[in-house]
Amino acid sequence: MAHELSCVNRPLEMMSSSSTSPNPALLGSFAPLFCSLDSKISFKFPALSRWSSLSPVRIRAAPLRDCSHHFINDESGQSRSNRRRMLLFTSTLPFLSHFHVSMEAIGVEATESDSSNLLLVKKEIKKILSKGKAASLLRLVFHDAGTFEMDGKSGGMNGSIIYELDRPENAGLRKPLKILEKARSEMDSVLSVSWADMIAVAGAEAVSFCGGPPIPVQLGRLDSMEPDAEGKLPQESLDASGLKQCFQRKGFSTQELVALSGAHTLGSKGFGNPTVFDNSYYKILLEKPWITSATAMSSMIGLPSDRALVEDEDCLRWIKKYADNEDLFFEDFKNSYSKLVNSGARWKSL
Ligand code: HEM
């Protein structure tokens, strides 16, 4: 495993600082090479339509372990020719940084490979997803990624939740992980997916399955081999200022805290239909049923941390906006979720 990490952690990132004109000849010579290694080597370009000086191009390769398995165990002619191509590939890599436009075009192949992997992951997750499981899958995301702290860059979306299931705050999360394990093992023979990726994609699928916004999630996160530090998730007893500070340490604004807390629209805390992802969380927060209604059921609605948000002026501003405008909530939730699942993530690269 250590070997695998050492292979995948060598980033080959190139920063473009100039704009060169397209070089179709070069593109023509490299494209077949990359296509033929499609399943083993992938190239990821950030979702920018044009090359810019701010756009790091990441070239990623599958762990060397996979490559060696492929090249050593198969002594067919196909394998020898792949080996030659691999040699050609590694020897030409240093020169590629000069051909930005060609790399961008090659990236189209890479993007297709990435997205076909993503399609497969989504397909397997959809097989195990149901309305009853959606809430716990979404909660899993926060409990894996929510350990991130900007100071020291510790924790984050790294699959370490699998080592943290005995912690009291993670009670109940063994079940959604088991469900995900089934989907993951279905793909084992064709695609190795990290826990961090599985959880990130599953949470997004859970949201859209329940009527929430579609959320694009990239693959390529690496898993941690150990648990994250304890005590990093917010406690439900925190008041608004404690919640804001906690989220700030993770790089999230008050607006993002309020948007992400809207995840509690799913589940059994009394914010509307437990299997429908909508903005009823905010509408019900504004009604404060735990105060205004005398029924025992109403007094159970929301966690102390949910109720605290509506008592805070900054949070209240966003609660009102999201209660009024579900599209805005969906957009902000989508963006905050994307940020959450990339928090502290380490990515596969050469
Ligand atoms: C703001 C700080 C947060 C606190 C203090 C908190 C705490 C909690 C607690 C105590 C529960 C109840 C668990 C149970 O039923 O036993 C819960 C449920 C849930 N949380 Fe959070 N949470 C927070 C933020 C988030 C975020 C950011 C997300 C996701 C983006 C999230 C997703 C969920 C979901 C979906 C459930 C329902 C789970 C189910 O019914 O199975 N939470 N949360």
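In this predicted model, Ala 134 is in contact with Leu 129, Ala 206, Phe 209, Cys 210, Leu 266 and Thr 275, when neighbours within four places in sequence are left aside. Ala 134 also belongs to the largest nonpolar core, a set of 63 residues. Ala 134, Leu 138, Val 141, Ile 199, Ala 200 and Ala 206 are the residues with the most contacts inside this core. The element that gives the most to the core is helix α8, spanning residues 195–209, with 11 residues. In soluble globular proteins, nonpolar side chains tend to be buried together.

The ligand is surrounded by 19 residues, of which Ala 135, Phe 142, Leu 260, Ala 263 and Gly 267 are the closest. Two or more residues of this shell are given by each of the elements α6 (131–145) and α10. Helix α6 provides the largest share, 6 residues. Divided by class, the shell contains 10 nonpolar, 7 polar and 2 charged residues.

Helix α10 (residues 254–261) also packs with helix α9 (residues 240–249): their axes come within 9 Å and cross at roughly 100°. Because angles of 65 to 115 degrees count as roughly perpendicular, α9 is roughly perpendicular to α10. On the α9 side, the contact is made by Leu 243, Lys 244 and Phe 247, and on the α10 side by Thr 254, Glu 256 and Leu 257. By class, the residues of this contact comprise 3 nonpolar, 1 polar and 2 charged.

Definitions and conventions: Residues are numbered from 1 along each chain as its sequence is written. This is a predicted model: local features need pLDDT of at least 70, side-chain atom pairs count only at pLDDT 80 or more; totals for chains, interfaces and linings use all residues. Axes are lines fitted to C-alpha atoms, for helices over the stretch in contact, and angles run from 0 to 180 degrees between N-to-C directions. Helices (H or I, at least four residues) and strands (E, at least two) are DSSP runs, numbered from the N terminus. Angles under 35 degrees count as roughly parallel, over 145 as roughly antiparallel, 65 to 115 as roughly perpendicular and the rest as oblique. Two residues are in contact if their C-beta atoms, placed from the backbone, lie within 7 Å. Ala, Val, Leu, Ile, Met, Phe, Trp, Tyr, Cys and Pro count as nonpolar, Asp, Glu, Lys and Arg as charged, and the others, Gly among them, as polar. A residue is near a molecule or strand if its C-beta atom, placed from the backbone, lies within 6 Å of it. A nonpolar core is a set of buried Ala, Val, Leu, Ile, Met, Phe, Trp, Tyr and Cys residues joined through C-beta atoms within 7 Å. A residue is buried if 20 or more other C-beta atoms lie within 10 Å of its own, exposed if 12 or fewer, and partly exposed in between; C-beta atoms are placed from the backbone.
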